[in-house]
Amino acid sequence: MTRQVLILNITRMGDLVQMGALLSRLHQEWPGASVDVIVDQRFASVASLLPGIRHVIAYDFHALIDETRARVKDVVAFYRDMELWTKRLVETRYDRIINLTFDRRSALLAGYIDAPDIRGVVSASDGTLVVRNPWLSYFTDCHAFRKLNRFNLVDIYALGGSGPGPAVSLSLHVPREAVEWATAFLQPELQKVRTRIAVQVGASDVMKAWRPEYFGQTLACLSRRSAVGFLLIGTTEETAAMEQAKAAYRAAGGTAPWCEALGRTTVAQLTALLTQCQLLLTNDTGPMHLAVGAGTPVVDLSVGHVNFWETGPYGKGHWVVQPELVCAPCGFDMVCPHQACKDQVLCEDVAALCLHALGTRPLPECRGGARIYESTVDEDGLGSFRLRRGRDDASTDWYGLFWRRFWYETFTNSPSLAAAPQGAPPDCEAASRTLQELLVPAVTDLLAASATLHSLCRRHPVPVREVQRLHAELQTRQQAAVAVAMTMPLLAPVTAAFLREVHNNDAEGLAQMARRHFEAYRAWEGRLRLVADRLRTAAEDGRGTAARPTSLAMR
């Protein structure tokens, strides 16, 4: 029987392209499966380029939000419209729903359509949101410890929506008519240039865009060093930024030809243009992922709140420049008053890196305050990045590798083949002492108190005052333990998972809720003990003693 899968991805262009590995993995898991995708109608053209999709189901979700806020329709009319729209989807009887959009509207939709296997956010019976699947749950957790995350969103989608498998490259199907259009679009002076560099100066969020004048100065530097031409891409909203870049280009003596495509292409046409370029120089944008899918190498300027480990160019052959600042990347909810990270990246360094990516110059030394990473695929078949210039923070680097292996083994129940961190972490002694002498005993006591609370909640009648007293005491002690743990890279990731598991609760009834809380405490304690065991082994390795084998992480 043919398996049927429904994916909900109603966010942005880049998120759709990053589903490529998931689509491939689903067809490996279930050969011949029929995969449908629900998208916002603005990005239906992007989804149409992805191979392996049966139906692209588009809906104007932005209009839906606007109408809901403005109360254009009453609640009954709203639900009747949605019932008509989803009728065919409900009747399809999907085997699996994968919700890659982490909000209430998609959760309600996933729960309403329903399937035996729902992964991602879904609405519980009482209207609360719960996340199903450990990988997709991890994606909601890792924002609490972003600097330690080493999983690309492409792999989180594929592992959560399907499972482990061989490495997969992102690919897009570019229609022939789009290729013909792109060939005709390029101006004669640019067609004569053998090396064409696509450039996107703008971004959907100015926080994650390098300064326009720096782009212009970089292009001028490239024009002096190599016979290149530039294809300027972006949306019409980015015109002002591009004009600033062009002015800086002229002022710096730039002479190479360019061709402007801002706001003049469809998604398919833009992708076709990218296939005719030898490189894309860009901020972290949707077109960056289009270039990866088109097979065009990328130089990604990862500034502001962008973390390239999460959304950087996937697979082999791409380059990332990241400012070497303690605060980089900043948080999503932060509005930086200085954006000094953008000034850490020197135009000469970026130009030299572009020439290296084109194969005409050696990898440059970074004279500015930035790091250079090369994208690759690790031993587990997952996207990764290798530091080539600059220095990583020793603690962040050690714990990034540590948690990369920990979570892979936890969620797959298989050993990781990726490299383990060398020796012990810089804060090994202090971290070990806090873990062994403070947190493990505290969480063990919390687990015992939670077991008692669960027992009380199963009584008939429930001793309400005793339950209230113990619950208040438990909350106070929990908050104290969490406050300590969330400040430490050794403890924050498993503690974030615990907090999510406590609230990720679709239990019905007091006793079942208490049981779920008990299970969350038990998982927290088990993971802390496993972390302690692995830290002890690392410390022994650091002293040159024989490492003791450790068991695979608990599920």
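Glu473 is partly exposed, with 34% relative accessible area (buried means under 20%, exposed over 50%, and partly exposed in between, with a 1.4 Å probe and protein chains only). This comes from a predicted model, in which local features need pLDDT of at least 70 and side-chain atom pairs count only at pLDDT 80 or more, while totals for chains, interfaces and linings use all residues. Residues are numbered from 1 along each chain as its sequence is written, and side-chain values use heavy atoms, leaving out hydrogens and water.

Glu473 makes a salt bridge with Arg477, and their closest N and O atoms are 3.0 Å apart (the criterion is a side-chain nitrogen of Lys or Arg within 4 Å of a carboxyl oxygen of Asp or Glu). Both residues sit in helix H19 (residues 464-485), four residues apart, or about one turn of the helix; helices (H or I, at least four residues) and strands (E, at least two) are DSSP runs numbered from the N terminus. Arg477 is partly exposed too, at 30% relative accessibility.

The structure holds 31 salt bridges. In another of them, Arg527 meets Glu501 at 3.1 Å, N to O. That pair links distant parts of the chain, with Arg527 in helix H21 (residues 510-542) and Glu501 in helix H20 (residues 492-503), 26 residues apart. Arg527 is buried, at 6% relative accessible area.

Arg371 belongs to strand E13 and Asp392 to the loop between E14 and helix H17 (394-412), so the pair ties together parts that are 21 residues apart in sequence. Arg371 is buried, with a relative accessible area of 9%, whereas Asp392 is partly exposed at 29%.

Strand E13 is part of an open sheet of eight strands, ordered E9-E8-E7-E10-E11-E12-E13-E14 with mixed pairing; two strands pair if DSSP finds at least two bridges between them. Its edge strands, E9 (258-260) and E14 (383-389), each pair on one side only. On average, neighbouring strands here are turned by 20° against each other, direction ignored. Strands E12 (residues 319-323) and E13 (residues 370-377) pair in the antiparallel sense over five bridges, and Trp319 has Glu374 in E13 as its bridge partner.

Six strands make up an open sheet in the order E3-E2-E1-E4-E5-E6, again with mixed pairing. E3 (55-59) and E6 (129-132) stand at its edges with a single partner strand each, so one side of each lacks a neighbour in the sheet. Neighbouring strands of this sheet are turned by 25° on average, direction ignored. Four bridges join E5 (residues 117-123) to E6 in an antiparallel arrangement, with Ser123 partnered by Leu129 in E6. Helix H6 (residues 104-113) packs on the sheet, touching E1 (4-8), E2 (34-40), E4 (96-99), E5 and E6, and its direction makes about 135° with that of E5. Contact means heavy atoms within 4.5 Å; axes are lines fitted to C-alpha atoms, for helices over the stretch in contact, and angles run from 0 to 180 degrees between N-to-C directions. Helix H7 (residues 134-141) lies across E4, E5 and E6, at about 125° to E6.

Overall, the protein chain has 21 helices and 14 strands. Buried residues account for 55% of its 555 residues.
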